[in-house]
Amino acid sequence: MEFVDALKTGVEHIDNQHESLLDMINILIEARDQESSPETISLVLSEMGKYVFVHFRDEEKFMKDNDFAGLEEHRQSHEIFEAMVLEFSNMFNQGRTDLLDDLLKFLSNWLVSHIQGEDRSMVHEVLANRN
Ligand SMILES: [Fe+2]
Ligand SMILES: [Fe+2]
């Protein structure tokens, strides 16, 4: 997955974090393709989970600092995603390694559509209100 221009919000630290998230998905895809051990994949998954947490809290702080009206709704999307990632990871760690393809599809689809949709329109609105 490539961090294409269509995914850029225009706020550098958010864009950098988004790029790192896509990098982590690429690492997961590579690990899957190379048939890495479930232990390795589980480690990358948990690193990614931690990074998602950091990114979401940073983004929520950005929204709060800028009095973004849609903060609560946006926060809910983040929380639903985090819960899904946790559930998938738990199932994977309990031996459901067959879920990896679905997990990867879910992670990449959700992130791309969230960044392209909610994140970009949020930043757009914040920047418009600054002027
Ligand atoms: Fe984001
Ligand atoms: Fe977001």
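A residue is classed as buried if 20 or more other C-beta atoms lie within 10 Å of its own, as exposed if 12 or fewer do, and as partly exposed in between, with C-beta atoms placed from the backbone. The structure is a predicted model, in which local features need pLDDT of at least 70, side-chain atom pairs count only at pLDDT 80 or more, and totals for chains, interfaces and linings use all residues. Residues are numbered from 1 along each chain as its sequence is written, and chains are lettered from A and ligands numbered from 1 in the order in which they are written.

Asn 129 is exposed, because 11 other C-beta atoms lie within 10 Å. Asn 129 belongs to helix α4 (residues 100–130); helices are DSSP runs (H or I, at least four residues), numbered from the N terminus. Although 63 residues separate Asn 129 from Asn 66 along the chain, their C-alpha atoms are 8.9 Å apart.

Helix α3 (residues 71–93) packs against α4 at an angle of about 170 degrees, the axes being 11 Å apart. Axes are lines fitted to C-alpha atoms, for helices over the stretch in contact, and angles run from 0 to 180 degrees between N-to-C directions. The two helices α3 and α4 are therefore roughly antiparallel, a term applied to angles over 145 degrees. On the α3 side, His 74, Ser 77, Phe 81, Met 84, Phe 88 and Phe 92 meet residues of α4 that include Phe 106, Trp 110 and His 114; contact requires C-beta atoms, placed from the backbone, within 7 Å. The contact of α3 with α4 comprises 9 nonpolar, 3 polar and 1 charged residues, where Ala, Val, Leu, Ile, Met, Phe, Trp, Tyr, Cys and Pro count as nonpolar, Asp, Glu, Lys and Arg as charged, and the others, Gly among them, as polar.

Within α3, His 74, Val 85 and Phe 88 are buried, and the cover over the buried residues of α3 includes α2 and α4. The end C-alpha atoms of α3 are 33 Å apart, in agreement with the 33 Å that its 23 residues should span at 1.5 Å a residue, the expected span being 1.5 Å times one less than the number of residues. Just after α3, Gly 95 adopts a positive phi of about 110 degrees.

Helix α1 (residues 12–33) and helix α2 (residues 38–65) cross at roughly 165 degrees, and their axes come within 10 Å. This angle makes α1 roughly antiparallel to α2. By class, their contact has 13 nonpolar, 4 polar and 3 charged residues.

Key: Parallel < 35°, antiparallel > 145°, perpendicular 65-115°, else oblique. Contact = placed C-beta atoms within 7 Å.
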